[in-house]
Every structure is written in C-alpha cells, then in structure tokens.
Amino acid sequence: MRVACLVDTTRCIGCRSCQVACKQSNGLEGERTKFSASPGGYQNPPRFSPRTFTYVSYHELDDADGRTVWAFVKHQCMHCKDMYCAYVCGPQVYSRTPTGVVAYQADYCIGCAACVDACPFGVPAIDYWNLAAPQVRKCSFCLERQGAKIDEAELDGEPLSAPALERHKESFHTPACAKACPTDALQFGDRDELLAEAKRRIAAQPDRYVDHVYGETEAGGTGWLYLARVPFGELGFPTTFENLDAYQKVKVG
C-alpha cells in the first residue's frame with residue numbers, strides 16, 4: 001500500500017494547528033520569523049527551514065463573481081515518485097520506503113544543497129547552524145509514527161478493548177499534522193482510496209472544486225494530493241516539471 005494525505009484546501013481555515021503539531025511531534029525548536037508577502041497575501045513563516053517542516057500559505061484571490069476570497073494551503077515534503085532530490089544526491093541521503101515515503105539519512109548529508117536546488121517544491125533545508133556537520137532536514141511524513149508497533153494500550157489502568165485498540169493504532173499511525181486538523185482538511189490513508197475520494201468530491205460538487213487533483217500525476221505522482229476551488233497555479237504550485245533525464249541518476253534504495 002502506498003500511503004498519502006488528501007488536502008482539501010476548501011476546508012482549511014488557516015489555523016496552523018498542523019504547524020504546531022509538526023513542531024511538537026518532531027521536537028523542532030522555535031525560530032524568529034517575520035510576516036512575509038506571498039502571492040496575494042501574507043504568511044508567517046515564509047518558507048521551509050531546518051526548524052520548519054510545514055507551513056501554511058495565505059492567498060487573497062478573486063472568485064468568478066469578482067468577490068474576494070481567501071485560500072489557505074499547507075506545504076510540506078510532497079513525497080514524490082520522481083525523486084528529484086535523490087537524483088542529484090551523491091551521498092545517497094534519500095530513499096523510498098515500500099509505502100512511498102521519501103525517507104532520508106541526515107548523517108549521510110555533506111551539506112552540498114544540490115537537493116535544495118533540484119526540488120521543484122523547495123522543500124529540503126540544510127541545517128547550517130551546525131557548521132561542523134550541516135545536515136538536510138525535511139518532513140518525514142511522520143515515518144516513525146507510521147512504523148510504530150502497538151500491541152497493547154491502557155486507559156485508566158485498564159487494557160483497551162480490541163476495537164478501541166484498533167482506533168488507537170489508527171490515530172497514532174496518522175501523521176501529527178493530519179491528526180491535529182480541526183476541520184478534516186487533511187485525510188491520511190491509502191493513496192488509491194484517497195484519490196478516488198478526491199474525484200468523488202469533485203463530481204459531487206463541481207462548483208466547489210476545479211476539476212483536477214494536484215499530485216495525481218505531478219512529479220510522477222506525489223504522496224500529498226490536493227483539492228482547490230481555483231487553478232493550482234494561482235496558489236503557487238508548480239505546474240511544469242523538468243524531465244528527470246536532465247538529472248544525474250544515482251542508485252537509491
């Protein structure tokens with residue numbers, strides 16, 4: 001099974017609970033940031049960093065009737081099938097898990113930043129605060145949560161029932177950002193099932209969504225799928241991708 005997360009931007013209220021949950025789950029330090037102009041709006045933090053694995057961008061747009069509307073978009077590593085980062089990485093920091101997650105071994109990194117330039121989504125960040133041994137940092141899709149084995153759990157000193165234990169496992173294995181979302185804008189699960197769900201929503205409410213699931217084919221198909229009410233180019237998403245033949249192909253796991 002290839003895992004994925006469906007992001008319905010029409011449900012996002014820009015609360016940034018996902019940012020807080022990501023910080024907490026990954027033990028990321030706070031950092032001093034400033035509000036920055038984004039396409040059509042303002043946001044903070046403005047971009048990825050070694051201490052920011054996810055952020056929400058704000059977009060002030062006009063709808064078909066000329067009314068001003070807001071759109072909020074969560075950003076993180078897209079976990080692409082076409083791993084541009086891996087194709088340019090000499091030390092082979094990046095690899096793909098059987099579930100499609102783009103994992104990385106930070107200890108292998110030499111700080112060359114080739115992946116930073118290659119990633120079409122601008123995701124990898126190099127931790128140059130540690131000048132002696134700079135390392136790449138990025139969203140891991142909470143791989144450590146997904147892989148956790150939970151055979152038993154207790155509530156108030158009593159073992160959970162089998163159904164409750166299954167619900168607990170599902171909750172714990174869900175990435176922290178998706179678990180924290182209060183509006184169900186983020187849904188984690190099997191990629192094929194989420195892709196089918198996205199297309200069902202488009203068919204059921206064609207006035208609510210553009211007829212496109214971003215990530216279905218972009219970058220070879222990504223682990224994060226998006227729905228939106230406006231064309232994705234207006235939300236800052238890349239719409240064209242370089243051919244991977246332009247990159248040096250290296251052996252990855």
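Reader: Leaving aside neighbours within four places in sequence, which residues is R191 in contact with?
Author: In this predicted model, R191 is in contact with R2, V3, A4, G215, E216, G221, T222 and L225. R191 itself sits in helix 7, residues 191–204.

Reader: What makes R191 a residue with no salt bridge?
Author: The nearest side chain of opposite charge, D192, is 5.0 Å away. A salt bridge needs a side-chain nitrogen within 4 Å of a carboxyl oxygen, so R191, though buried, has none.

Reader: How many disulfides does the structure hold, and how do you know that C15 is in no disulfide?
Author: The structure holds zero disulfides. For C15, the nearest cysteine sulfur is that of C181, 6.3 Å away; a disulfide requires the two sulfur atoms within 2.5 Å, therefore C15 is in none.

Reader: Why is C15 called partly exposed?
Author: Its relative accessibility is 39%. Buried means under 20% and exposed over 50%, so C15 falls in between.

Reader: Why is C142 called buried?
Author: The relative accessible area of C142 is 8%, and buried means under 20%, so the term applies.

Reader: What is the volume of the second largest pocket, and which residues are closest to its centre?
Author: The volume is about 270 Å³. Of the 21 lining residues, Y55, H75, F121, G236 and F237 are the closest to the centre. Strand 4 (55–62) and strand 5 (68–75) are the elements that give two or more residues to this lining; strand 4 gives the most, with three.

Key. Residues are numbered from 1 along each chain as its sequence is written. This is a predicted model: local features need pLDDT of at least 70, side-chain atom pairs count only at pLDDT 80 or more; totals for chains, interfaces and linings use all residues. Side-chain values use heavy atoms; hydrogens and water are left out. Helices (H or I, at least four residues) and strands (E, at least two) are DSSP runs, numbered from the N terminus. Buried means under 20% relative accessible area, exposed over 50%, partly exposed in between (1.4 Å probe, protein chains only). Lys and Arg count as positive and Asp and Glu as negative; His and the chain ends are not counted. Contact means heavy atoms within 4.5 Å. On a 1 Å grid over the protein atoms alone, a cavity is a set of points where a 1.4 Å probe fits but cannot get out, and a pocket is an open set with protein on both sides within 12 Å along at least five of seven lines; lining residues have an atom within 4 Å of a point. Grid points are joined across faces, edges and corners, and a volume is the space filled by probe spheres set on the points.
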